[in-house]
Amino acid sequence: MEPFVTHTGEFVTFDRANIDTDAIIPARYLKKIERTGYGELLFMDIRRKDGQPDPAFPLNRPEAEGATVLVTRQNFGCGSSREHAVWAISQAGFRAVVAPRVDATPGFADIFRNNSYKNGFLPVEASEAFVERLFAAGRGTITIDLQERRITAHLADGDVSESFSVPDGARTMLLEGLDEIGLTLQFADAISAYEGRHPEVAPAG
């Protein structure tokens with residue numbers, strides 16, 4: 001996976017809360033056996049109207065072209081556990097998604113958040129005030145510094161910045177571009193040594 005250290009890119013806003021994974025990638029597309037080709041299917045059922053691209057849908061607007069950070073509302077990625085949702089967003093060109101915690105409602109569903117970390121994609125849970133600034137601005141550039149755990153929006157009326165949280169294990173995976181298998185293989189020598197000391201647990205040859 002591509003490491004995520006620092007990313008700067010244009011953002012696009014999607015003003016809707018409780019977007020579930022079926023809205024992100026409809027279930028009928030889960031029959032594909034490849035892990036590629038999902039980007040063009042992102043939000044397929046809600047970005048089209050009468051079979052044609054809906055010009056009012058945020059990601060269909062000209063200013064969304066080239067955006068690499070998606071800004072949305074709380075509880076993004078709720079619903080099923082399909083990993084395809086993360087594949088669709090990242091393959092559409094996004095490196096991160098920003099959503100606010102609103103009272104007791106988190107920015108992201110837990111399974112979506114964890115699937116994101118495992119696929120080199122960064123969900124940033126920001127404050128409600130920060131996200132409101134982004135929606136009010138409508139457009140601009142965002143810098144996400146995973147080393148410092150800080151997100152900065154460069155807006156027409158000035159910069160706004162705040163820290164965000166990410167678990168240490170997930171942060172390491174993202175910074176080094178590792179999935180869970182790659183993370184485990186870092187301990188290959190220790191695993192082999194353990195198996196050598198405990199032949200009864202070694203795989204049958």
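User: Which residues does Phe-76 touch, and what makes a contact?

Analyst: A contact requires heavy atoms within 4.5 Å. Leaving aside residues up to four places away in sequence, Phe-76 touches Ile-19, Ile-24, Phe-43, Leu-70, Ile-89, Val-97, Gly-107, Phe-108, Ala-109 and Phe-112. This is a predicted model, in which local features need pLDDT of at least 70 and side-chain atom pairs count only at pLDDT 80 or more, while totals for chains, interfaces and linings use all residues. Residues are numbered from 1 along each chain as its sequence is written, and side-chain values use heavy atoms, with hydrogens and water left out.

User: What makes a set of residues a nonpolar core, and which members of the largest one touch the most other members?

Analyst: A nonpolar core is a set of buried Ala, Val, Leu, Ile, Met, Phe, Trp, Tyr and Cys residues joined through side-chain atoms within 4.5 Å. Buried means under 20% relative accessible area, exposed means over 50%, and partly exposed is in between (1.4 Å probe, protein chains only). The largest core has 29 residues, of which Ile-24, Phe-43, Leu-70, Phe-76, Phe-94 and Phe-112 touch the most other members. Helix 1, helix 2 (84–91) and strand 5 (96–100) are the elements giving two or more residues to this core. Helix 2 supplies the largest share, 5 residues. Apart from this core lies another of 26 residues, among them Phe-11, Val-131, Phe-164 and Leu-174. In soluble globular proteins, nonpolar side chains tend to be buried together.

User: How do you know that helix 2 is mostly covered?

Analyst: Of its 8 residues, 6 are buried: His-84, Ala-85, Val-86, Trp-87, Ala-88 and Ile-89. Their cover includes helix 1 and helix 3 (110–118). Just after helix 2, Gly-93 takes a positive phi of about 105°.

User: Why is Thr-21 called buried?

Analyst: Its relative accessibility is 2%, which falls under the limit for that word, so Thr-21 counts as buried. Thr-21 sits in helix 1 (residues 21–24). Beyond four places in sequence, Thr-21 touches Gly-77, Cys-78, Gly-79, Ser-80, Arg-82 and Ala-85.

User: What makes the pair of Thr-21 and Ser-80 a polar contact?

Analyst: The term needs a pair of N or O atoms within 3.5 Å; within protein, one must be able to donate a hydrogen and the other to accept it, and residues adjacent in sequence count only if both atoms are side-chain atoms. The side chains of Thr-21 and Ser-80 are joined at 2.8 Å, so the distance meets that cut-off.

User: Asn-75 and Arg-149: why is one called buried and the other partly exposed?

Analyst: Asn-75 has a relative accessible area of 19%, which puts Asn-75 in the buried class. Arg-149 has 23%, so Arg-149 is partly exposed. Asn-75 lies in the loop between strand 4 (69–71) and helix 2, and Arg-149 in the loop between strand 7 (141–145) and strand 8 (150–155). Phi is positive in a residue other than glycine at Asn-75, near 60°, and likewise at Arg-149, near 55°.

User: How many residues does the protein chain have, and what percentage is buried?

Analyst: The chain has 205 residues, and buried ones make up 45%. The chain holds 7 helices and 9 strands. Among contacts between residues at least 6 apart in sequence, 70% join residues at least 24 apart.

Notes. Helix = DSSP H or I, 4+ residues; strand = E, 2+ residues; numbered from the N terminus.
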